[in-house]
Amino acid sequence: MIRTLSASILSLALGLAALSACARAEPQPVVEIDGGNIVVTQDGNRIPLTDLGRDSEAVLSPDRQWVYFTRTAEGGQRSDDDEFPDCGALPAPDELRRIRIDGTEDTLILPGRPGTEPAEALCGFFDKQFSADGATLYFLSPAWTTSGALHALTLESKATRYVIPANSYAVLGWCTSEKLANAIVAEQHRYFELGGSFDWYWLFDPTGGTEIGPVGEFDSVEDLKTFLNEGGHCTGP
């Protein structure tokens, strides 16, 4: 009887472990833009979420419940590969919105604005990234002639703040090292003391308020991530 019970418990434990492994291995939904509309592919099914032809820059939230995206005033006005627009020259402000993964609750989160200063202008809402805890959404907006501006939106309060100048960036939410965990690396356009300019990546603390130091020159954010991961920097002390 004891052996039978033990075998049953072992079988149940193995079954639960298998179910847990299957849950962990469940493929993440893929979010795409097709003709200005958001499309989600999940479990082999391709499901359109919007149909206005005015949406771009879509990203899935860490909890897989929401898709955050940009909606423009006119269909076909902009694609993900276009140059940064002039926030003050748009026919109507862009919108930062979100919609549930099932296509419900299409909601305005943050309206764009031209801004009286470059760092105050909001449009495009490019390259959206989340903090490690999913509580903050970062994005780029056009600002100066040689640089965009990185902004942070606290999702619970809907409060937004300008962070730093940046043309590209990465929130290091996957890093576990003491130095890099949740830090921000941003490519910035800077000037040499005696003339000329350069575009390097610089390391900042998680708030973006404190510069830690230069990381170097990389052709892309993906090259930067490869350097951090393969060099063991993300898992170091």
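A nonpolar core is a set of buried Ala, Val, Leu, Ile, Met, Phe, Trp, Tyr and Cys residues joined through side-chain atoms within 4.5 Å. This is a predicted model, in which local features need pLDDT of at least 70, side-chain atom pairs count only at pLDDT 80 or more, and totals for chains, interfaces and linings use all residues. Residues are numbered from 1 along each chain as its sequence is written, and side-chain values use heavy atoms, leaving out hydrogens and water.

Q: Which residues touch the most other members of the largest nonpolar core?
A: Tyr138, Leu140, Leu150, Ile164, Tyr169, Ala186 and Phe204 do, in a core of 15 residues. Two or more residues come from each of β9 (136-142), β10 (148-154), β11 (159-166), β12 (168-171), β13 (184-191) and β14 (197-204). These strands are DSSP runs (E, at least two residues), numbered from the N terminus.

Q: Why is Phe227 called partly exposed?
A: Its relative accessible area is 36%.

Q: Why is the pair of Tyr201 and Phe218 called edge-to-face?
A: Rings of Phe, Tyr and Trp (its six-membered ring) pair if their centres lie within 6.5 Å; planes under 30 degrees apart are stacked, over 60 edge-to-face, the rest tilted. Here the centres are 5.9 Å apart and the planes at 70 degrees, so the pair is edge-to-face.

Q: Why is the pair of Phe218 and Phe227 called tilted?
A: The centres are 5.3 Å apart. The planes stand at 45 degrees, so the pair is neither stacked nor edge-to-face but tilted.

Q: What makes β5 mostly covered?
A: Six of its six residues (66-71) are buried. Trp66, Tyr68 and Thr70 point one way, and Val67, Phe69 and Arg71 the other way.

Q: What makes β5 and β6 a pair?
A: Two strands pair if DSSP finds at least two bridges between them. β5 and β6 (residues 95-100) have six, in the antiparallel sense, so they pair. Tyr68 stands opposite Arg98 in β6.

Q: What puts the charged end of Arg98 over the ring of Trp66?
A: For Arg, CZ must be within 6 Å of the ring centre and within 35 degrees of the ring normal; for Lys, NZ is used. The charged end of Arg98 sits over the Trp66 ring, 3.7 Å from its centre. Arg190 lies over the face of Trp202, at 3.7 Å from the ring centre.

Methods
Buried means under 20% relative accessible area, exposed over 50%, partly exposed in between (1.4 Å probe, protein chains only). Helices (H or I, at least four residues) and strands (E, at least two) are DSSP runs, numbered from the N terminus.
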